[in-house]
Amino acid sequence: MLVFSKTAGFRHSSIPNGITAIQQLGAANGFTVVATEDANAFTTANLAQYQAVIWLSTTGDVLNATQQSAFQSYIAAGGGYVGVHAAADTEYDWAWYGGLVGAYFQSHPATQQATIKVEDRANPSTSHLAPTWTRTDEWYNYRTNPRSAVRVLASLDESSYSGGSMGDHPITWCQDYQGGRSWYTGLGHTEESYADANFRTMLLGGIRVAAKAVPADCRPEVGYTQLFDGNQNTFSQWRMAGPGGFTLANGTLTSFGGMGLLWYPVSTFSNYSLKVDWMMPGDDNGGVFIGFTDPGNDPWGPVNTGHEIQIDATDADPSRTTGSVYSFKAPDTAARAAALNPPGQWNAYEIGVHGQRVEIWLNGVKINDYTSTRNIANGYIGVQNDGDGADINYRNIRIKVDGGQPPQPGSDIAQGKPTTASSVETGSAHVAANATDGNSATRWGSAYADPQWIQVDLGQSYNISRVRLNWEAAFGRAYQIQTSPNGTTWTNIYSTTTSDGGVDDVNATGTGRYVRINGTQRALTQYGYSLWEFDVYGS
């Protein structure tokens, strides 16, 4: 590694600390470090010996035209760039460099404590961090937001400090750039930074990412919807089928027991990109399931109706190893081997499903492409817990559907309409309107007694064709779906005594201005009825 710290403007007192830290990281991790402030090091022949060049709080105009040309050629040949802090306050008249670093410095408030939101916890430079990281530094505002061109790894919570001016405020990112790879962080102003274990580990990871010594996905990521963001609210929307389950800690799902499946019952998906971060502690097993029908409580249903994208690097059958469409198509083993991080480290899947076609990327590298004969074009998604001793972790599960947000068939005519209920759980904010607000993280909860009802006023008469109920764990075992022209006289259009919770997607035909769910038997008698969503479809 070449560490370059020439300054033609402000000079940071932390530069010697940074050089020492990088030298110590090199000695401990098997790479050599050469530090210089001589721009004459930027020749084609000299740069060719380095896997990455680290611009450590450089400022101002530090290279002449010949040296710039040599560095551009170095990046084009696959070289790596690491930018630390004031590297963004450098070479304002060299547009190519501005693209390489990602964004130029604009201003900064006084050094102060702030909260960092860690957006990508699979990247080798940020996988060791918790979902949020509070530290003291000098927080740069940038002239432009780089998000559309780079993979944002971490951003600032501007509400946690004074002087942020960007709104959406990336602070650490990486990108593939004109043949090479770039990794940048705005952290590193203070001398203390270079003694901070978390910062040093992040810097080491950034050096490895830029040098392409470890796999990393540095493609931009925009337009994804979080299905599991590490918090209990989104975790509560998922449902277990079969034995075992998952615990939640530090934004991470950890499996126990099995074989079971944690699946997302809120919606089926079609024509989408699904991203899942995963980690096996050792020789373990898991998988991501796509394209299956409602499994109820049977984890084998998805095996038979959908596909498992396998996670198991040691299976002797290549069609059952990491990156395979389980039992149907093996991955490109050479591409998989080059892209795979070993047990104990995080990996990232992207699974593209378009019609019957399944494409799989591992850490940004495409490793499989399969056209299925199964009807997987529209279905549910889930993640597997394979069994005791086959431990696996998942986090940051997100999806992007072609054309925008995840689809809901038809139009939910109940959303935002006046909604009332027989009761609300005592002392709670779980009012009836939560079930029709379009927010799947809010819910209605009733008193702990039978019977209870919730009804929506559609404002005019509709021909009802479908009612979709997304139950919380406290679901209704027995209930009727009813319609009414006036909110007084009711007609049953559907009835069940055997609901198993999760999502009840009912084709129910009737006419009325009012639609009511009339619960007569709770599944959990220690609680009331609890609905995340009460959707009505019709014309």
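Analyst: Strand β4 is covered on both faces: Gly80, Val82 and Val84 on one side, and Tyr81 and Gly83 on the other, are all buried. Buried means under 20% relative accessible area, with exposed over 50% and partly exposed in between (1.4 Å probe, protein chains only). Strands (E, at least two residues) and helices (H or I, at least four) are DSSP runs numbered from the N terminus. This is a predicted model, in which local features need pLDDT of at least 70 and side-chain atom pairs count only at pLDDT 80 or more, while totals for chains, interfaces and linings use all residues. Residues are numbered from 1 along each chain as its sequence is written, and side-chain values use heavy atoms, with hydrogens and water left out.

User: Why is β4 described as largely enclosed?
Analyst: Because 5 of the 5 residues of β4 (residues 80-84) are buried, the strand is largely enclosed by the rest of the structure.

User: Which strand pairs with β4, and in what sense?
Analyst: Strand β3 (residues 52-56) pairs with β4 in the parallel sense over 5 bridges; two strands pair if DSSP finds at least two bridges between them. Valine 53 stands opposite tyrosine 81 of β4.

User: What does tyrosine 97 touch?
Analyst: Not counting residues up to four places away in sequence, tyrosine 97 touches Trp55, Thr58, Tyr81, Ala87, Thr90, Glu91 and Tyr104. Contact means heavy atoms within 4.5 Å.

User: And which residues have the most contacts inside the largest nonpolar core?
Analyst: They are Trp55, Phe71, Tyr97 and Leu203, in a core of 74 residues. Helix α5 (residues 197-210) gives the largest share of this core, 7 residues. A nonpolar core is a set of buried Ala, Val, Leu, Ile, Met, Phe, Trp, Tyr and Cys residues joined through side-chain atoms within 4.5 Å.

User: Changing topic, which residues lie nearest the centre of the largest pocket?
Analyst: Val118, Glu119, Asp120, Gln226 and Asn396 do, out of 25 lining residues. On a 1 Å grid over the protein atoms alone, a pocket is an open set of points with protein on both sides within 12 Å along at least five of seven lines, a cavity is a set where a 1.4 Å probe fits but cannot get out, and lining residues have an atom within 4 Å of a point.

User: How many of the pocket's lining residues are charged?
Analyst: The lining divides into 11 charged, 9 polar and 5 nonpolar residues. Here Asp, Glu, Lys and Arg count as charged, Ala, Val, Leu, Ile, Met, Phe, Trp, Tyr, Cys and Pro as nonpolar, and the others, Gly among them, as polar.
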